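Look for the open spaces in this protein. The paragraphs below take them one at a time.

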Amino acid sequence: MTSLLEEFARGNIKPDERPFRRDSMYGRVLRQLCERQEAVLMMLDCRQTERFNHYLAANAEAAHLAEIDQFVYGYRLGAMMMVDVFCGQGVLLDDLE
């Protein structure tokens, strides 16, 4: 069995890609978002559609950068918690004495 780090390095673990169930809350909200986007696009002419697509691309890029930042922050926070667990393990034992 390979380690999680090896799987991550090989690209087999992708924290930015996760499957979801279509009947989940996220799936329902995503479906509504797509339906509403299609409705807006139907009302726009070619030039407006192009502008809206530029907006969507910029919004997607901003969301992607925020997701990366949240992943890094969460990973660092988790690592700091593990350091606290291992470095502070004697504190719990001291409280019992």
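With ten residues, α3 gives the largest share of the lining of the largest pocket. Helices here are DSSP runs (H or I, at least four residues), and strands are E runs of at least two, numbered from the N terminus. The model is predicted: local features need pLDDT of at least 70, side-chain atom pairs count only at pLDDT 80 or more, and totals for chains, interfaces and linings use all residues. Residues are numbered from 1 along each chain as its sequence is written, and side-chain values use heavy atoms, without hydrogens and water.

The largest pocket holds about 810 Å³ of space. Its lining has 21 residues, and Y26, A60, A63, H64 and E67 are the closest to its centre. The elements that give two or more residues to this lining are α2 (25-43) and α3 (46-87). A pocket is an open set of points on a 1 Å grid over the protein atoms alone, where a 1.4 Å probe fits, with protein on both sides within 12 Å along at least five of seven lines; lining residues have an atom within 4 Å of a point. Grid points are joined across faces, edges and corners, and the volume is the space filled by probe spheres set on them.

What is the make-up of the lining of the largest pocket? There are 14 nonpolar, three polar and four charged residues. Nonpolar means Ala, Val, Leu, Ile, Met, Phe, Trp, Tyr, Cys and Pro; charged means Asp, Glu, Lys and Arg; the others, Gly among them, are polar.

Now the second largest pocket, with about 200 Å³ of space. L4, L5, F8, I13, P15, F71 and Y75 line the second largest pocket. Here α1 (4-9) and α3 each supply at least two lining residues. The most come from α1, with three. This lining has seven nonpolar residues, no polar and no charged.
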